[in-house]
Amino acid sequence: MITNEKKTVAFKTLGCRLNQYETDALVTDFSNAGYELVDYNASPDVVIVNTCTVTNQSDTKSRSVISQTVRKAKNAVVVVTGCMANNFKEKLERQDNITFVVENSRKSSILTLVDSHFSGEIVHPDQLPQDVFRYEPVRKSLHTRSAIKIQDGCDNFCTFCIIPMVRGLATSRPVADVLESVRKTVENGFKELVITGVNIGRYEDGAVKFENLLTMILELPGDFRVRISSLEPDGFGDDFVKLFAHPKLMPHLHLCLQSGSDKTLLRMRRMYDVAQFRKTVKQFRAIYSDFNFTTDIIVGFPGETEEEFQQTLDAVNEFNFSHIHTFKYSVRKGTRAERLENHLSEKVKNERSLLVRNLSVENKMNYFKSLIGQKQDVLIEKITQGTASGYGQHYAPIRFKITNGQRNTIQTVRLTELIGDDENCYLAGELVL
Amino acid sequence: MMSLMKPDMQMDESFYKIEDIRQLTGNAFSIKLPKARFAFKAGQHISLGIVGGNQSREYSIYSGENDPNLEVLIKEVQNGYFTPQLRRLKVGRVLEIHGPFGKFGMEPELAAHGKFVFIASGTGIAPFRSIIRTYPTIDYTIIHGVRYSEEAYDRDQYDSKRYKLCTSRENKGDYYGRLTGYLKSCTFAPETHFDLCGNSDMIFDALEILKDKGFDRDQIHCEVYF
């Protein structure tokens, strides 16, 4: 029975940018339908937990959030979705305190499911339509920038990766849908768009490949700028670098290296080598000397020798990544790497992880210092007690003093100093009037 | 023949009934299925699962693009989980096939004009058989590394002048030793394209040898098997 009382909804999101986008799109859906978005701790009527399963740690975090949710929100409708819902569907369905378990392919219809529940209709999640692109353009969001989903799934079958099993095989959103989504998202007031998917370099809709689509997006009218979320090193051609001359495209790429050892890369079934990665980095920095590269590194992959790990450290130093998502290898059931020999101990993985993290901080500080003196256009995400914070073009975090400033506006700032000497360091600057 | 599918099981586009099993050696065999219901490029792979099972594995397509059957080449892994189950399958059982996948596929224009060296270890020869059956006039040499000569799967289907067998455990091939040893002794035309398929150690060593010979990485394509 639907009552006139406004229902409340809260969201918890774990994992990647794609998950964050899908949560934002659900926030828009629920908000359009009249639900009030509330804090997770405010006894909401509905809690949606969008989970991740990419590593053991993600599983642990997802499980912990689910437990916390069912404990706190005893009377709420609890919906568990995301990659863990695919990977452990039956197990989660057996938990009485979870109302619905919704697979990724049906995530976009969660509002229908919840509405049906409140109106007394019995709908099983498996009856919902399967469509990974059915999301409305983001209007109300938990973030300042909005993602644009262009692609889902992957069929690279990297030996460590469970994504093809939980996100399905590679599929691309039709060009017209993508462009319409960009137009509407810009109309909704977003100034920065992040092109997102599981393996966006694999985008293909007829003759339109990733670079063609990106060109079309950049040519759309409007006051917005574009970032690219993580990209595989073999996901683009030689002309890709030229696109970054476009003023709307930001000079930053999260290019996933995973290892600096060619032998390890082959065991991971990554179809590029370090020399090819080097060629790309050089090509970019020859044109844009301060181009920002960040990356993912997996340490302690089965069989990774000291020498192979040292090659990774050398690569990290050489390519000067300003940030590294360091993952300790963890077994994902059903992957090829599960069956590889010579799995390393947690102790070795911890030691190697620490070394990469330390190097990452050092490189981050050096890269940020190299930007001091530059002007950056900062998209303000937050203003607290007269201090605005946000990210510049190169995706460096920047803070500066401001009076009468507003969130979601872009301000030009001259960078003056680096604050902090750890992972959370940032650049301070002065507003250029 | 009596159907081995459960009565309530719906036939799906991705379900293929086994038509034939060819035993090639004591532990290697090929499974013949109906013609692929999807278009593929010779060299690409598929994922294969047993209907009713909960796992799948990727296999290169062993048949040509225009062959009347879809075929895969399988070697049973001792103490493995999946291949012993495949080994026990009989004609009539149903497999679930998805694909095709992968960038390791031959382009028709290149096949018509290029010069190729295919380097394979063990069952890594599968994509090359697919390519050669699809493009019978292709200019190729196969260097096939195995332990014993009996692992020269379907050797009689290749031009004997173009097929070089390297056997590491017995002196019954064209070269006695690992294929990388043979590769070191070879000279190739500068415009040669190299396609490598097999285990990661072989591919790593072969890549190093080819790079030492002065070939550009862009001339070399790899497909890693596990």
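How many bridges join strand S16 (residues 375-384) of chain A to strand S19 (residues 410-419) of chain A, and in which sense do the two run? Five bridges join them, and the strands run antiparallel. This is a predicted model, in which local features need pLDDT of at least 70, side-chain atom pairs count only at pLDDT 80 or more, and totals for chains, interfaces and linings use all residues. Residues are numbered from 1 along each chain as its sequence is written, while chains are lettered from A and ligands numbered from 1 in the order in which they are written. Helices (H or I, at least four residues) and strands (E, at least two) are DSSP runs, numbered from the N terminus.

**Domains of chain A**

- Chain A splits into domain 1 (8-127), domain 2 (146-371) and domain 3 (375-431); bounds like these come from an automatic or database domain assignment.
- From domain 1 to domain 3 of chain A, the C-alpha centres lie 33 Å apart.

**A helix pair: H12 and H13 of chain A**

- Helix H12 (residues 306-319) and helix H13 (residues 346-371) of chain A have axes that come within 10 Å and cross at roughly 10°.
- That makes H12(A) roughly parallel to H13(A) (angles under 35 degrees count as roughly parallel, over 145 as roughly antiparallel, 65 to 115 as roughly perpendicular and the rest as oblique).
- By class, their contact has six nonpolar, two polar and one charged residues (Ala, Val, Leu, Ile, Met, Phe, Trp, Tyr, Cys and Pro count as nonpolar, Asp, Glu, Lys and Arg as charged, and the others, Gly among them, as polar).
- From H12(A) come Phe309(A), Leu313(A), Val316(A) and Asn317(A), and they meet Arg352(A), Leu355(A), Val356(A), Leu359(A) and Asn363(A) in H13(A).

**The open sheet in chain A**

- Three strands of chain A, in the order S6-S9-S12, form an open sheet with parallel pairing.
- Strand S6 (146-149) and strand S12 (225-228) of chain A are its edge strands, each pairing on one side only.
- Strand S9 (residues 192-196) of chain A pairs with S12(A) in the parallel sense over four bridges, and Val194(A) stands opposite Arg227(A) in S12(A).
- Helix H1 (residues 17-32) of chain A packs on the sheet, touching S6 and S9 of chain A, with its direction at about 100° to that of S6(A).
- Helix H7 (residues 175-187) of chain A also packs on the sheet and touches S6 and S9 of chain A, with its direction at about 165° to that of S6(A).

**Two arginines**

- Arg106(A) is in the loop between strand S5 (100-102) and helix H5 (110-118) of chain A.
- Arg106(A) counts as buried because 22 other C-beta atoms lie within 10 Å (a residue is buried at 20 or more other C-beta atoms within 10 Å of its own, exposed at 12 or fewer, and partly exposed in between, with C-beta atoms placed from the backbone).
- Leaving aside neighbours within four places in sequence, Arg106(A) is in contact with Pro125(A), Leu128(A) and Gln130(A).
- Arg37(B) is in the loop between strand S3 (28-34) and strand S4 (45-50) of chain B, and is exposed, with 11 other C-beta atoms within 10 Å.

**Helix H3 of chain B**

- Helix H3 (residues 126-134) of chain B is mostly covered, with eight of its nine residues buried; among them are Phe128(B), Ile131(B) and Ile132(B).
- The cover over the buried residues of H3(B) includes strand S5 (56-60), strand S8 (115-121) and strand S13 (220-225) of chain B.

Notes. Contact = placed C-beta atoms within 7 Å. Axes fitted to C-alpha atoms, helices over the stretch in contact; angles between N-to-C directions. Pairing = 2+ DSSP bridges.
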